[in-house]
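Hi there,

Here is the model I promised to pass on to you. Could you have a look at it alongside my notes below?

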Amino acid sequence: MLEELQRVVEALAHRLGRAVAVDDLDFRLLAYSTHADDGDQWRARVILNREAPPEALAWLRRQRLGRATGPVRLPADNDLGILPRVVVPLVYQDVRFGYLWLFDAEGSLTEQQLELASAAAGEAGAICFRERVVAHLRTAREGELVRDLLSDDVQVRDMASDRLVEEGLFALRGEVTAMVTRPLPAGTQGVDEDDRMALQAAMNKASARLGDRGSLRLVRPDHAVLVTPSTALRRSPELPQALRAASLERLGRSRKWRDVHVATGSPARRLGDAVTSYVQALDALRVAEVVPSFAPLVAHEDLGIYALLAGQPIDQLGVHGVHPAVRRLLEADRQLFTTAELYLDRAGDARATADELGLHRASVYHRVRRIEDITDLDLSDGQHRLILHLGIKVSRLLGLA
């Protein structure tokens, strides 16, 4: 698309003898002519940064260009370093795609020239329209194959993996990693169709840095999945944070959401095994929802013992995972429960536990004795420590503590 837009821009600039540029609806630069005889500070900054500076964006929004149906003459603004220019909306099939810009410092553009500019804007709009249709078809095909890629059926997964590569939808580069973003509703209202569209837009924005064929995307009923080469994630470790930020931006920081969590699975050896990384990311989300210290960005590799526990069926954890000793401790004293967890997390280091709780070591020893009395466990015994530690973590995972 960008090459076609560049061709339209260069042809119009040659015919009119002046600089021409095309922006999208967010005033991000898509194409511009190499004509160098005119320009202003705004043009120079846009070419350098590919988008208009904030103060210019505010000025543009005051012009109400969204209502324009034909060429509009914009005045100069000396404070912003903006010369007079003409803007023509890019419209095709009644859909607006962006704007075509012409410099006109002397107001010398004739009606005939404006007609040429309008025709070029129409051609650019048609190019954008075709690109949108192709993008929608590509997204639909990608979604269909990614659903198969995450199937329980090994043969279906392998076939989807082959098709994704053969059809040019994904560039195979060894190991892959799945990321999952999930909004957490504040009430009973769940994720609706508008929210899913927002998640799709968030993934598109966050994954733009990965380049063409550098990611696979799928929006499911209550979460979105992004699969990328593990090497790309190592080069861009900020991607989970960027995905969360884009999700919050697109969803809107409304009272509808408590938060948005993003989880990363461990690397899978090949694309056909991406479902393993995906399931791990889902497990990590499950942990982050009940153990706030992991939220809002959680990696399966950082879960420790929770990685093992979260992979078990929740009903089995409920039946077998909580030892009676842990239940007694929960019922007796939540403060002691927290002390026991921290003490065991610190490998029985009373000094570290005391520092964390702001207590004297003698107070920690006293609490440990009380914990042993309530649970009938000897915390100097490795097996007993394991029973209590696992039981505490399962209690967290089940939301009991």
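Three aromatic pairs turn up, where rings of Phe, Tyr and Trp (its six-membered ring) pair if their centres lie within 6.5 Å, and planes under 30 degrees apart count as stacked, over 60 as edge-to-face and the rest as tilted. The rings of Phe 27 and Tyr 99 are stacked, because their planes lie at 10° with the centres 5.3 Å apart. Phe 27 sits in the loop between β1 and β2 and Tyr 99 in strand β5, so this pair ties together parts that are 72 residues apart in sequence. Helices (H or I, at least four residues) and strands (E, at least two) are DSSP runs, numbered from the N terminus. Both Phe 27 and Tyr 99 are buried; buried means under 20% relative accessible area, exposed over 50%, and partly exposed in between (1.4 Å probe, protein chains only).

Tyr 92 and Phe 129 make a tilted pair, with 5.2 Å from centre to centre and 55° between the planes. Tyr 92 belongs to strand β4 and Phe 129 to helix α4, so the pair links parts that are 37 residues apart in sequence. Tyr 92 is partly exposed at 31% relative accessibility, and Phe 129 is partly exposed at 27%. Together with Phe 97, Tyr 92 and Phe 129 form one aromatic cluster.

Before I go on, please note that this is a predicted model, in which local features need pLDDT of at least 70 and side-chain atom pairs count only at pLDDT 80 or more, while totals for chains, interfaces and linings use all residues. Residues are numbered from 1 along each chain as its sequence is written, and side-chain values use heavy atoms, with hydrogens and water left out.

Now to the sheet. Five strands form an open, antiparallel sheet in the order β2-β1-β5-β4-β3; two strands pair if DSSP finds at least two bridges between them. β2 (29–32) and β3 (72–74) are at the edges with a single partner strand each, so one side of each has no neighbour in the sheet. On average, neighbouring strands are turned by 25° against each other, direction ignored. Three bridges join β3 to β4 (residues 85–92), and Val 72 stands opposite Val 87 in β4.

Two helices go with this sheet. Helix α1 (residues 2–16) packs on the sheet and touches β1, β2 and β5, where contact means heavy atoms within 4.5 Å. Helix α4 (residues 111–149) lies across β3, β4 and β5, at about 40° to β4. Axes are lines fitted to C-alpha atoms, for helices over the stretch in contact, and angles run from 0 to 180 degrees between N-to-C directions.

The axes of α4 and α5 (residues 154–166) come within 7 Å and cross at roughly 145°. Residues making this contact include Leu 145 and Leu 149 of α4 and Val 156 and Leu 164 of α5.

Finally, some backbone details. Most residues other than glycine have a negative phi, and most peptide bonds are trans. Asp 94, in the loop between β4 and β5, has a positive phi of about 65° and is exposed at 79% relative accessibility. Asp 376, in the loop between α15 (361–375) and α16 (382–397), has a positive phi near 60° and is exposed at 60%. A cis peptide bond joins Ala 295 and Pro 296, with omega about 0°.

Best wishes
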